[in-house]
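Open the model in your viewer and keep the sequence panel beside it. The stops below say what to select and what is there.

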Amino acid sequence: MLRVLLAAQASAAQLSGLLLLPPIQPFCLGPSKWGDRPPGGGPHAGPAQGLQRLLEQARSPGELVRWLGQNPTKVRAHHYPVALRRLGQLLGSRPRPPPVEQTSLQDLSQLIIRNCPSFDIHTIHVCLHLAVLLGFPSDAPLVCALERERRFRLPLKPPPPLQPVLRGGQRLEAALSCPHFLRHPQQHLIRSLAEARPEELTPHVMVRLAQHLARHRLREPQLLEAIAHFLVVQEAQLSSKVVQKLVLPFGRLNYFPLEQQFMPCLERILAREAGAAPLATVNILMSLCQLRCLPSRALQFVFSPGFISHISGTPHAPIVRRYLSLLDTAVELELPGYQGPRLPRRQKVPIFPQPLITDRARCKYSHKDIVAEGLRQLLGEEKYRQDLTVPPGYCTDFLLCVSSSGAVLPVRTQDPFLPYPPRSCPQGQAASQPTTQDPAQRVVLMLQERWHFCRDSRVLLGSRALRERHLGLLGYQLLPLPFEELESQRGLHQLKSYLRQKLQALGLRWGPEGG
């Protein structure tokens, strides 16, 4: 603010504005070092008030200087702003004072410079403000003295805390907490990782790194490869409860590492610890399922009657059953050569019976509502279903039933579900080429929101890629609606045109001509 004031040019209008300011009263909350008292009280109130009236009624700059110089025992700090204000009133209509008054200005400046060390901070601010408005340049002795006193009274900044010397592992943990990490992860973590010695990379540090990457959808190959290498090197010291956390980002971020011993290492850990930590075992298999890498030996163990009986009645039994149901679906659709046990039908539960947690949390940012309104106006409410869960438990965004000729049919007149297991293959065989005897085709419109992808990437998160992959294998025709295309539509009218083009590109018809 001070620089702005110093840059301002004094003008007649600015100086005349001083006339509108009320007279300055003594600026003190209690007795000052000179013995001031509030107006109207104390033994010094009368003389101080009398000098203020004399200054306010002075008829020339010389008279102001005389009143201040001849009454040293009565002058208080607040009298100097009064004198500067009166000076502005006297010079308001006289832009260039005569030489005599120039001398008076210099004398007044010297008085203020000599006494400003005793001013309080408020008086210094007022004098500095008035001096700038009177036209004193920024390098004038008066302005420099007042500015120096102002800076002297500023509170001292505390010294910066001493930064401890961090080792590589500690630096990595500190980088994980850095607010700039999301914008520049490589600048913070990859450097810290490279500087760390092997003994400094503890399981705790690497688990924090893995959780951070998964939580923020950061698909950083160098960091993920470092986690994979750590897992392989530390295999003998890691329990399955730690391994499940280290493996989590690979499935979530849909990233299979280049480390050649990654899968053999995990298979050995599963074989060693599968019975000790059932939930951790299933969590590891869930991550591998998203990567399409399910070891048969581990599947045979978790589908065995003993394992299923062991987890029944435990606190985590509901989530384990849901994960086992998903693993059984993956075996059905993606593992044609699997010959081991399967999850009994009575143990199966819907996999994802409702929209995922991230979608529910970000529903106010989703395009689902406006797409639903566009479909309602375009097709009619009876020709699509929203958030319908289809066997074996996948929630669809929007589902259409289409005849063999491409006409969009009312959903209520059709069975919206395709059979599961697919009729094209018996139990235990893959459905890589599903065919059904039902002539009606099911089209699923898949919203691909921004948070369905890895950050700054076009790679779908593992759970999203798994759902789309399985729905396709079940026989549903998928129509992706990417967020970039949805965000480019301005208003409902453009969105309806966009949806019409998408549906017509599939050969779909509706309305009177569509039946």
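Select Arg217, which comes after helix H11 and has a positive phi, near 60°. This is a predicted model, in which local features need pLDDT of at least 70 and side-chain atom pairs count only at pLDDT 80 or more, while totals for chains, interfaces and linings use all residues. Residues are numbered from 1 along each chain as its sequence is written, and side-chain values use heavy atoms, with hydrogens and water left out.

Now step back to H11 itself, residues 203-215. Helices (H or I, at least four residues) and strands (E, at least two) are DSSP runs, numbered from the N terminus. The 13 residues of H11 reach 18 Å from the first C-alpha to the last, close to the 18 Å expected at 1.5 Å a residue; the expected span is 1.5 Å times one less than the number of residues. Colour its buried residues: Val205, Met206, Val207, Leu209, Ala210, His212, Leu213 and Ala214. Buried means under 20% relative accessible area, exposed over 50%, and partly exposed in between (1.4 Å probe, protein chains only).

Next, select Leu231. Which residues does Leu231 contact, leaving aside neighbours within four places in sequence? They are Leu238, Val243, Leu246, Val247, Cys265, Leu266 and Ile269, where contact means heavy atoms within 4.5 Å. At least three of its residues come from each of domain 2 (194-347) and domain 3 (357-422 + 438-506), with bounds from an automatic or database domain assignment.

Move to Gln441, in strand E4 (residues 441-448). Is Gln441 buried, partly exposed or exposed? Its relative accessibility is 33%, so Gln441 counts as partly exposed. Residues up to four places away aside, Gln441 touches Leu400, Cys401, Val402 and Gln477. Show the side chains of Gln441 and Gln477 to see a polar contact at 2.2 Å; the term covers N or O atoms within 3.5 Å, and within protein one must be able to donate a hydrogen and the other to accept it, with residues adjacent in sequence counted only if both atoms are side-chain atoms.

Finally, zoom out to the whole protein, which has 23 helices and 5 strands. Of its 515 residues, 47% count as buried.
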